[in-house]
Amino acid sequence: MIRKLTALLLVLSFLVGCSSKAENNKTINLGYLPITHALSVFETKEILDQTNVHIKLTKFSNWADLMDALNAGRIDGASVLVELAMKAKSNGIDLKAVALGHKDGNVIIAKKDIKKMSDLKGKTIAIPHAQSSHNILIQLALEKAHLTKNDVKIIQLAPSEMPSSLNSGAIDAYCVAEPFGAVAINTKIGHVLKTSEELWQNSICCAMVFNNAAITKKQTQINQVISAYKQAGKKLAKGKEAMRIASKYLGQDKAVLKKSLAWIHFDDLTLTKEDYDNLALKVKQDGINPNPPSYQDFIYQGVTAHD
């Protein structure tokens, strides 16, 4: 009798283990920072909530922690600064970008007494990370003002700290993911010096990136996520849906979100070779990444652009 019970328990344990493994393969863990640039992740979750693919969202407070989790495979994928993922790939981490997070949606914010970029000579400008489109945008703006990065002090600062740092006088300007530009406008502590559209039309900033080990292990489910993600962009292109998702997941003042969403575009999240090659050239020219990965090595080809 004892032998029969033992055998039955072993069988049940095996079945539970198999069930748990199957369930884990259906769960895709996506990391994000609470910014408007991550809205496509939230919309994707809502689309897939109606299917057998479960999205687990993991919030991070900074890019370093998010990238550590992505690189180590503790999360399957993330909405992340594309330059950070490119640098990780250059350093031998097996990552694949599958789509953009958005286009445009960044602004350079300055104190009220800074009227033009040339006024920033000798001043302090904050960006969220050296590996970022914000760094590129600052360098483009400085070039147009006949300045270089050596004419200013560029520091790295957590996005959420930038508005208060501007208000206190610790920095004179910043460029960062939304909604932290809109926060400064809404609280009247700063003004828009330049928009990304003025400096770099259809600029790239964030991308959906997966650890390739997760793609190999969960390819069917991740292909479903990618298809839903591209649908999410089309849904967010309708203003009311973007506002609904932003209000639900970000908890920011609606006036801030409205201003923020006016600067950002979600309609086509395809990362084309032309756009990527342009980005790769910029990161080399600006000293951000001397050896960016090729389009073929970095961009996942498992789902075509029309899916």
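Let's start with two helices: α11 passes α12 in a crossing that is right-handed. Keep in mind that the structure you're looking at is a predicted model.

**Helices α11 and α12**

- Helix α11 covers residues 239–250 and helix α12 covers residues 254–261; they pack with their axes 10 Å apart, at an angle of about 130°.
- Angles of 65 to 115 degrees would count as roughly perpendicular and those over 145 as roughly antiparallel, and α11 and α12 are therefore oblique to each other.
- Who does the touching? On the α11 side, the contact is made by A242, M243, A246, S247 and L250, and on the α12 side by K254, L257, K258 and L261.
- Sort the residues of this α11–α12 contact by class and you get 6 nonpolar, 1 polar and 2 charged.

**Helices α2 and α10**

- Now look at helix α2 (residues 39–48) and helix α10 (residues 219–236), whose axes come within 8 Å and cross at roughly 115°.
- That angle makes α2 roughly perpendicular to α10.
- The α2–α10 crossing is right-handed.
- From α2, the residues involved are L39, S40, V41, E43, T44, I47 and L48, and they meet Q224, V225, A228, Y229, Q231, A232, K235 and L236 of α10.
- By class, the contact of α2 with α10 has 9 nonpolar, 4 polar and 2 charged residues.

**Strand β3 and its partners**

- Is strand β3 (residues 77–81) enclosed or open to the outside? 5 of its 5 residues are buried, so β3 is largely enclosed by the rest of the structure.
- Strand β1 (residues 27–32) runs parallel to β3, and 2 bridges join them.
- To find this pairing in the model, look for L30, whose bridge partner in β3 is G77.
- β3 also pairs with strand β11 (residues 206–211), this time in the antiparallel sense and over 5 bridges.
- A handy spot to check the β11 pairing is S79, which stands opposite M208.

**The five-strand sheet**

- There's also an open sheet of 5 strands, in the order β8-β7-β9-β6-β10, and its pairing is mixed.
- At the edges sit β8 (153–156) and β10 (191–195), each pairing on one side only.
- On average, neighbouring strands in this sheet are turned by 25° against each other, ignoring direction.
- Inside the order, strand β7 (residues 124–127) and strand β9 (residues 173–176) run parallel and are joined by 2 bridges.

**Helix α4**

- Helix α4 (residues 82–90) has 7 of its 9 residues buried, so α4 is largely enclosed by the rest of the structure.
- The buried ones in α4 are V82, E83, L84, A85, M86, A88 and K89.
- Just after α4 comes G92, which takes a positive phi of about 100°.

**A closer look at Y295**

- Y295 lies in helix α14 (residues 295–298).
- Is Y295 buried or exposed? Its relative accessibility is 15%, so Y295 counts as buried, given that buried means under 20%.
- If you leave aside neighbours within four places in sequence, Y295 is in contact with L271, T272, K273, Y276, D277 and Q301.
- Y295 and F210 are 85 residues apart along the chain, and their C-alpha atoms are separated by 15 Å.

How values were computed: Residues are numbered from 1 along each chain as its sequence is written. This is a predicted model: local features need pLDDT of at least 70, side-chain atom pairs count only at pLDDT 80 or more; totals for chains, interfaces and linings use all residues. Side-chain values use heavy atoms; hydrogens and water are left out. Axes are lines fitted to C-alpha atoms, for helices over the stretch in contact, and angles run from 0 to 180 degrees between N-to-C directions. Helices (H or I, at least four residues) and strands (E, at least two) are DSSP runs, numbered from the N terminus. Angles under 35 degrees count as roughly parallel, over 145 as roughly antiparallel, 65 to 115 as roughly perpendicular and the rest as oblique. A crossing is left-handed if the near helix is turned anticlockwise from the far one by less than a right angle, and right-handed if clockwise. Contact means heavy atoms within 4.5 Å. Ala, Val, Leu, Ile, Met, Phe, Trp, Tyr, Cys and Pro count as nonpolar, Asp, Glu, Lys and Arg as charged, and the others, Gly among them, as polar. Buried means under 20% relative accessible area, exposed over 50%, partly exposed in between (1.4 Å probe, protein chains only). Two strands pair if DSSP finds at least two bridges between them.
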